[in-house]
Amino acid sequence: MQFALISVFLLAAGTGYAQQHAVTLPDWSGVWQMVGPTIFDGASVEPKNGRAGDAGVRERPPYNAEWEAIYQKNIEAVKKGLFPDPITNCGIPHGFPRVMNVPDVYEFAITPPQVWILTENGPNIQRIYTDGRDHLKAEDRWGTYSGDSTGRWEGDTLVFDTVALKGWSEKDTILDRTGLVLSDQMHVVTRMRKIDANTLEAQMTLEDPKALTKPWNVTKRYRKLPPSTRAYDYACGENNRNPVTEDGRTLTLGSDGKPIDRPVK
Amino acid sequence: MKRTIAAIIIISGVCFVAQSALGHHSAAMFDNQKVKELTGTIKEFQWKNPHVWIQVYVQNGNGVKEEWSVEGGGPNSLSRQGWRPTTFKPGDAVSIRVNPMKDGSAGGQFVGAKLADGTTIGNWDRAEGAQ
């Protein structure tokens, strides 16, 4: 633990921030894995234990009528196999808040001025500024995959606020493969802390004046894996044999690089 | 090596197995209610991101050799279940159970495999219709 704290200060030394703001930060070192399947809101999924991508599986965000209709349309596309995951085009990040809902493993790098959430399945780096800065002014920001996250430590709890997201505006980001989406106006407050030595919990409150009628609360948990666990690189473009057609169908290529799918009649 | 695979699968339990089928794309092309068994020999094992691929030669009903493409999880998560780049070697005799492609083409999503020495990996005992 002592070593971890020293490391934190050394990492931050370059900024001078550590000398000005002596803080005791929690130890979230190690390699972690999200608990449960890649359903964004496991508490409201229907049917219970439904898996993202299976026909008819859905969650119950407090959508307004317009965005419930968008979700319904996506659910129908999933049923027809015509709802491609944006990340199938390798190199596209999952984006926030989906980055809190990915398979494979996570690492959390804590320094006084910033926290980074790193996912093995990516490319994703969620940068969270904890040096007291504010969000960029509205006229100085634009929608990005990870958005703009600023936060603070409340004891052992990291509280951060995320805006300036792409959302579903250009069909760039989804929350999961049921077809769950929010708009570019979403604003997410996340409270993250260790609830025991081997479990991290993230409580998210999602607001979206375009899509939701009230705040939506979602909780995700992450379990620490054995100390010997390593994270590896994830070069999605290394051997992607699943290109997406213009109409949204995901193909399967044989070892010769040609689709093995039978033509659609 | 094979003993290591079995041990890690037992230790890691269902949480790793449940995630292993997840990939970077829609799985709509696979019929996850059906399990088809392929028996043949390994042509090639592609241990690469974002998914491993097992290329296997299978004799079809007419005695003609066909190449099947079997898609697995990512090498990172599979390595934590004990898989290695040498888990399948060219020429190995193997039986592989897959969720076949809905359109009947020669492909499927990996469910489980039985190697020549009888070692099983993955979800070999998964029944039809189960997930």
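Start by selecting chain B: its secondary structure comes to 2 helices and 6 strands. Keep in mind as you look around that this is a predicted model.

Of its 131 residues, 40% are buried. How much of the contact picture in chain B comes from residues 24 or more positions apart? Among contacts with a separation of 6 or more, such pairs account for 58%.

Next, bring chain A into view and look at where the two chains meet. Here 32 residues of chain A are in contact with 29 residues of chain B.

Now for the inside. Select Val181(A), Leu182(A) and Leu206(A): in the largest nonpolar core, which has 44 residues, these three touch the most other members. Several elements of chain A give two or more residues to this core, including helix H3 (65-79), strand E7 (187-196), strand E8 (199-207) and strand E9 (216-224).

Zoom in on Leu206(A). Which residues is it in contact with, leaving aside neighbours within four places in sequence? You'll find Pro97(A), Leu182(A), Met186(A), Val188(A), Pro215(A), Trp216(A) and Val218(A).

Last stop: go back to chain B and pick out Leu38(B), Ile42(B), Phe88(B) and Ala113(B). They are among the 19 residues of a second, separate core.

Methods
Residues numbered from 1 in each chain as written. Chains lettered and ligands numbered in written order. Predicted model: local features only at pLDDT ≥ 70, side-chain atom pairs only at ≥ 80, totals over all residues. Contact = placed C-beta atoms within 7 Å. Helix = DSSP H or I, 4+ residues; strand = E, 2+ residues; numbered from the N terminus. Buried ≥ 20, exposed ≤ 12 C-beta atoms within 10 Å, placed from the backbone. Core = buried A, V, L, I, M, F, W, Y, C linked by C-beta atoms within 7 Å.
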